[in-house]
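Hi,

Here is the structure I promised to pass on. Have a look at it first, and then read my notes below.

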Amino acid sequence: MTDLTAPIYINGSQRDPGGWIDSIDPATGKAFAKVARGTAADIDAAVAAASAAQPAWDALGPARRGELLQKLADALGANEAELARIEAQDAGKPVFEAVDDVQTAAAYFRFYGEAVDKFYNDKIPLEGGFGLTDRIPHGVTGHITPWNYPVMLLARTVAPALAMGNAVILKPAEETSLSSVYTARLATQVGFPDGVFNVVPGLGEEAGAALSGHPGIDHISFTGSREVGKLIMHASADVMRPLTLELGGKSPSVVFDDVDVELIAPKLRTALLWNNGQTCNAQSRILVSKKVHGHLLEALEAEFSKLEIAPGLEDKDLASLVSKQQYERVASYIEIGRAEGQRIVTGGRRPKHLDQGYFLEPTIFDVTDPGSRIANEEIFGPVLSVARFEDEEQAIRVANGTPFDLAAAVWTQDIDRAFRVAGQLRAGQVYVNNWSIGTGVNLPFGGIRNSGFGREKGIAALAEYSALKTTVVRVTGGVGGR
Ligand code: NAD
């Protein structure tokens, strides 16, 4: 039977905590699982275990570590159906999306497992010798993850850290910790040494704060909100430690008048509504040429209003929001949009057939004021703002006009314009005639300015989870650096 608890997992075994937190099924609003309420003492124990295990893990070498990562990818694949159902209920997403999350998580472990022993360094010729560069692990790395893609974001951050020879301590979001402990158990089963992959579930202000302020952590990776990101940055400054911050966004699509509106409308829909808009790089605003503005709104309205909404385990198009807090946040932004006088094209209410749980209709606002709050602040839910533009210069200025720079897209058939605009959109990832969520484990990803710094995904993450070390060698009588 499926285990619906997320205990503390340290040194290859689970332990019960001093207290538990109820995990709520967002489709019903009722408790369905229990999550450990980890404490500062549990973080101390995890740091001790990880510090003891890390040197031998590093010494194992990249090829052997890579083999274990690939075994974990296989184990995730073998347990895909069960893990996806846990994730669908816990995070409130349709099963087909949860299956995609588990497959992408496995793809991360496989990618870094295969890549790490090909991640070579340089030899630099010098007069009378040479320099050698080497990538060394930070040591013990801390990872704090959000609730929107629990298993996938775990893999995105933990897989490259483990591949490079770090021992990890993960603090998953308190709303969705089940799949994290599940994955750590699988790691032990496939042969990861004890103490290399530790999980301490708990509240952000307790276990999270203890992890982010711990002097025994050598690097911290945080994925979550800008507000908590700032706290993590302060805590890291106090202990002089590098960090990676993956924060939020208000990512735009810029749509020109030469597109095939009917063809791109379903893609624009998915660019927001995958995971119900609870995606850091969700396309939450569209800037569209005034010439096709009306046509695009009609096509999007048709796309949004045909979607079936149901509890995640019923596996329809859209499920619930993750929590009561998130439901209230998104509903309050819909009210802000109404109060700002922006027109609702479709949605804006709780679906009539769902009277419990945290469900909202996907909503489109036709935005006349590009300075409005709904067009500038991160809502993190199924709310799209669509605004028209007069010309290319205005489109780029408005697209670059929020404090966030995570992702952006340009849609046009004109190849010169596509590259010209892509070149001027300020974002960590830019898409041309597409929008990418989750997939593409090999594509470096991260923000600029308020969207954070550092890069996850791709080979770039192997550099992120290691420090560059240079050794200089003098060779008496040597020639040309040899
Ligand atoms: P959040 O910042 O509230 O929580 C994220 C994590 O931080 C959770 O594990 C939480 O327990 C922990 N936390 C909370 N307070 C803490 C504290 N004082 N000290 C240490 N840890 C603490 O974010 P959320 O609501 O879970 O996620 C939504 C946000 O995450 C959005 O802004 C979204 O854009 C962002 N996000 C970004 C990316 C990305 O890759 N850039 C990916 C997913 C989500």
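Let's start with a question: is Arg 449 buried, partly exposed or exposed? Arg 449 counts as partly exposed, at 44% relative accessibility. (Buried means under 20% relative accessible area, exposed over 50%, and partly exposed in between, using a 1.4 Å probe and protein chains only.)

Before going on, a word on the ground rules. This is a predicted model, where local features need pLDDT of at least 70 and side-chain atom pairs count only at pLDDT 80 or more, while totals for chains, interfaces and linings use all residues. Residues are numbered from 1 along each chain as its sequence is written, and side-chain values use heavy atoms, leaving out hydrogens and water.

**Salt bridges**

Side chains of opposite charge can pair when their charged atoms come close. A salt bridge here is a side-chain nitrogen of Lys or Arg within 4 Å of a carboxyl oxygen of Asp or Glu, and the structure holds 23 of them.

Arg 449 is in one of these, with Asp 405, and their closest N and O atoms are 2.6 Å apart. Arg 449 belongs to strand 21 (residues 448–449) and Asp 405 to strand 18 (residues 404–405), so the pair ties together parts 44 residues apart in sequence. (Helices, H or I with at least four residues, and strands, E with at least two, are DSSP runs numbered from the N terminus.) Asp 405 is buried, at 1% relative accessibility.

Another salt bridge joins Arg 269 and Glu 303 (2.5 Å, N to O). Arg 269 sits in helix 9 (residues 261–273) and Glu 303 in helix 10 (residues 293–305), so this pair links parts that are 34 residues apart in sequence. Arg 269 is buried at 18%, and Glu 303 is buried at 10%. Salt bridges with shared partners join Arg 269, Glu 303 and Lys 306 into one network.

**Helix 12**

Which residues of helix 12 (residues 392–399) are buried? Ala 395, Ile 396 and Ala 399 are. They lie on the same side of helix 12 because they cover an arc of only 95° around the axis (the arc is that of the directions from the helix axis to the C-beta atoms).

Finally, 3 strands form an open sheet with mixed pairing, in the order 1-5-4. (Two strands pair if DSSP finds at least two bridges between them.) Strand 4 and strand 5 (residues 30–36) pair in the antiparallel sense over 6 bridges; there, Trp 20 has Ala 36 in strand 5 as its bridge partner.

Cheers
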